[in-house]
Amino acid sequence: AYDTHGVFVLCVFDGRLGSVAHESFHAAVRILHTVGVPLLPNSPNETHAYLVDYLVSRISKHMGVTCN
């Protein structure tokens with residue numbers, strides 16, 4: 001979820017890393033849309049992929065899980 005002040009909240013209640021990745025994708029799409037970077041069909045969308053990687057890495061660290 002997000003508000004008009006640029007605050008984003010990512011919630012994962014089941015503790016699954018797959019759910020973290022899923023919700024991180026949604027967050028990345030919204031964050032990048034907010035700054036003018038659209039998700040494009042038939043494109044590698046590398047900016048989105050790197051942001052999902054960053055979000056999952058940071059969140060998994062707090063979960064005590066290592067992703068490499």
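Modeller: In what follows, contact means heavy atoms within 4.5 Å. On that basis, residues 24 or more positions apart account for 41% of the contacts in the chain with a separation of 6 or more. The model is a predicted one, and its secondary structure comes to 2 helices and 0 strands. The part to examine is therefore the packing of helix α1, residues 17–34, against helix α2, residues 46–63.

The axes of α1 and α2 are 8 Å apart, and the angle of packing is about 135 degrees. Angles from 65 to 115 degrees count as roughly perpendicular and those over 145 as roughly antiparallel, with oblique as the term for the rest; α1 and α2 are therefore oblique to each other. The crossing of α1 past α2 is right-handed.

On the α1 side, the residues that meet α2 are Leu-17, Val-20, Ala-21, Ser-24, Phe-25, Ala-27, Ala-28, Val-29, Ile-31 and Leu-32. Their counterparts in α2 are Thr-47, His-48, Leu-51, Val-52, Leu-55, Val-56, Ile-59, Ser-60 and Met-63. By class, the residues of this contact comprise 15 nonpolar, 4 polar and no charged.

Helix α1 itself has 18 residues, which at 1.5 Å a residue should span 26 Å; the C-alpha atoms at its ends are 25 Å apart, in agreement with that expectation. Buried residues, those under 20% relative accessible area, make up 19% of the 68 residues in the chain. Within α1 they are Ser-19, Val-20, Ser-24, Ala-27, Ala-28 and Leu-32, and α2 is included in what covers them. An α-helix has 3.6 residues a turn, so residues three or four places apart point the same way.

His-48 belongs to helix α2 and is buried, because its relative accessible area is 4%. With neighbours within four places in sequence set aside, His-48 is in contact with Ala-28, Val-29, Leu-32, Val-37, Pro-38 and Leu-39. Across a sequence separation of 18 residues, the C-alpha atoms of His-48 and Arg-30 are 9.9 Å apart.

Just after α1, Gly-36 adopts a positive phi of about 90 degrees. Asn-42, in the loop between α1 and α2, has a positive phi near 55 degrees. Asn-45, found in the loop between α1 and α2, has a positive phi of about 50 degrees although it is not a glycine.

Technical notes:
Residues are numbered from 1 along each chain as its sequence is written. This is a predicted model: local features need pLDDT of at least 70, side-chain atom pairs count only at pLDDT 80 or more; totals for chains, interfaces and linings use all residues. Side-chain values use heavy atoms; hydrogens and water are left out. Axes are lines fitted to C-alpha atoms, for helices over the stretch in contact, and angles run from 0 to 180 degrees between N-to-C directions. Helices (H or I, at least four residues) and strands (E, at least two) are DSSP runs, numbered from the N terminus. Angles under 35 degrees count as roughly parallel, over 145 as roughly antiparallel, 65 to 115 as roughly perpendicular and the rest as oblique. A crossing is left-handed if the near helix is turned anticlockwise from the far one by less than a right angle, and right-handed if clockwise. Ala, Val, Leu, Ile, Met, Phe, Trp, Tyr, Cys and Pro count as nonpolar, Asp, Glu, Lys and Arg as charged, and the others, Gly among them, as polar. The expected span of a helix is 1.5 Å times one less than its number of residues. Buried means under 20% relative accessible area, exposed over 50%, partly exposed in between (1.4 Å probe, protein chains only).
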